[in-house]
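Subject: Structure handed over, with notes

Dear colleague,

I am passing on the structure below, and my notes on it follow directly after. Please read them with the model open beside you.

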Amino acid sequence: MIENQEKLQYPEKTAVGFAHEIKNPITAVRGLLQLLANPDLPAPKRTLYSEVAIEELDRANQLLNNMVYDNTPLSYQTLETIDIKAAVNKAMLSYEQAIQVKGIQLQANFMSSFKALLPKIQLSQVLVNLLKNAVEACSENGSITITVSKDDNFGIISIKDNGCGISAEALDKLFTPFFTTKKHGTGIGLSICKSIIEEAQGCIKVHSILGEGTEFIVKLPLGY
Ligand SMILES: Nc1ncnc2c1ncn2[C@@H]1O[C@H](COP(=O)(O)OP(=O)(O)OP(=O)(O)O)[C@@H](O)[C@H]1O
Ligand SMILES: [Mg+2]
């Protein structure tokens, strides 16, 4: 494990960070198995959910491998170009069960597509943590919109919900490791997102109105 000083810089590389990140694919697989247990599920959906469940298990395995073998910062890792549309669709599917249970309307708008240049597993971590927060913020029948666009230099992903919103006081501390307002939160999801995104030379911003909703905007350098 890494030294104390680095823990705040790379929260995803601490023991609690790894545990936190492995819980996400486990939760996803559990939800997908619940969907697959429906005997009336059409065959194409059965195939799709099974594929995503396997990918999520692979992701958990990769996270464990990283924990055991590799604490290398992103700048020294092999970078991959990832199709953002495929990554967003996969993150949405991995949360489908929780979304269905809460009756949340989730939609994605692909204004443009782009390739992101970072390890695939890390882009999944960012998308899943932001989507999880949005789902948790929404009440029953809430709505979440993911919009993918780009400007000259950056690919842009916006995740917008009409959930509880964030107080001005909490906004100041949002990305600080272990800051949480949730009864069962650990408060490291956003600090992990920030660490991964900044390591990839991108940035993350938030706009929120208490009681109305929140938008997280992630900018990542274009892969090409
Ligand atoms: N979409 C959102 N709407 C409202 N509040 C949010 C949203 N996303 C994050 N927050 C606030 O930011 C805090 C920190 O989020 P973060 O994801 O880091 O931790 P957490 O969700 O509390 O716990 P966990 O580590 O399990 O993800 C949350 O406790 C919540 O107060
Ligand atoms: Mg969270």
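Helices here (H or I, at least four residues) and strands (E, at least two) are DSSP runs, numbered from the N terminus. This is a predicted model, in which local features need pLDDT of at least 70 and side-chain atom pairs count only at pLDDT 80 or more, while totals for chains, interfaces and linings use all residues. Residues are numbered from 1 along each chain as its sequence is written, chains are lettered from A and ligands numbered from 1 in the order in which they are written, and side-chain values use heavy atoms, with hydrogens and water left out.

Helix α3 (residues 43-69) and helix α6 (residues 120-137) pack at an angle of about 115°, their axes lying 11 Å apart; axes are lines fitted to C-alpha atoms, for helices over the stretch in contact, and angles run from 0 to 180 degrees between N-to-C directions. That angle makes α3 roughly perpendicular to α6, the class for 65 to 115 degrees (under 35 is roughly parallel, over 145 roughly antiparallel, the rest oblique). On α3 the contact (heavy atoms within 4.5 Å) is made by Arg59, Gln62, Leu63 and Asn66, and on α6 by Ile121, Ser124, Gln125 and Val128.

Turning to the sheet, five strands form an open one in the order β2-β4-β5-β7-β6, with mixed pairing, where two strands pair if DSSP finds at least two bridges between them. Because β2 (105-110) and β6 each have a single partner strand, they stand at the edges, and one side of each is left without a neighbour in the sheet. Strand β2 runs parallel to β4 (residues 143-150), to which six bridges join it, and glutamine 105 stands opposite serine 143 in β4. Helix α4 (residues 84-94) lies across β2, β4 and β5 (154-161), and runs at about 175° to β2.

Finally, some single residues. Histidine 20, in helix α2 (residues 15-36), counts as buried because its relative accessibility is 11% (buried means under 20% relative accessible area, exposed over 50%, partly exposed in between, with a 1.4 Å probe and protein chains only). Glutamine 201, in the loop between α8 and β6 (203-209), counts as exposed at 61% relative accessibility, and its phi is near 65°, a positive value in a residue other than glycine.
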